[in-house]
Amino acid sequence: MPARGIHHVDLAVADVERSLAFYLELLGPLGWAESVRYPTYRGTEEVVYLNQGGDHRLDGLGLRPADGGAHRYYGVGIEHFAFEVDRREEVDEAHARCLASGANVHFPPEEDRDEPGYYAFFAFDPDGIRVEVFCWPR
């Protein structure tokens, strides 16, 4: 049976509220909102979920406190993850919000050299995890 897609991704972060503020600033205007705070299976903390619509589901993006350490770009773990939007203007607006908030932009909006119409920018979240916002009319 084929998989239906990725349901959620949880990130272990140094400061949940700082990361929550970053992702709400980036994704809030795209319809993403905090949906629920839920106790983790360890029972020692909670995970905060964000999804499109903020409708009390455990899907989308989860933020939970890390036990320590630091993310290293291109170290073992996630290299980046991406959020798809409908229009180039939404990519540009998300980029502008990152700049206004002082986020570390890795690559400004540009069209991909290999995929016609693929338009994206990349930024690092507060823990150095790379995030992409893109549109790709197919």
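## About the model

This is a predicted model, in which local features need pLDDT of at least 70, side-chain atom pairs count only at pLDDT 80 or more, and totals for chains, interfaces and linings use all residues. Residues are numbered from 1 along each chain as its sequence is written, and side-chain values use heavy atoms, leaving out hydrogens and water.

## The sheet

Strands and helices here are DSSP runs numbered from the N terminus (strands E, at least two residues; helices H or I, at least four). Four strands make an open sheet, ordered β5-β8-β7-β6, with mixed pairing; two strands pair if DSSP finds at least two bridges between them. At the edges are β5 (80-84) and β6 (104-111), each pairing on one side only.

Strand β6 runs antiparallel to β7 (residues 119-124), joined by five bridges. Phe 107 stands opposite Phe 122 in β7.

## The helices

Helix α1 (residues 16-27) lies across β5, β7 and β8 (130-135), at about 10° to β8. Helix α2 (residues 88-101) lies across β6, β7 and β8, at about 20° to β7. Axes are lines fitted to C-alpha atoms, for helices over the stretch in contact, with angles from 0 to 180 degrees between N-to-C directions.

## Around Arg 130

Arg 130 counts as buried because its relative accessibility is 8% (buried is under 20% relative accessible area, exposed over 50%, partly exposed in between; 1.4 Å probe, protein chains only). Leaving aside neighbours within four places in sequence, its contacts (heavy atoms within 4.5 Å) include Tyr 73, Glu 79, His 106, Phe 107 and Phe 122.
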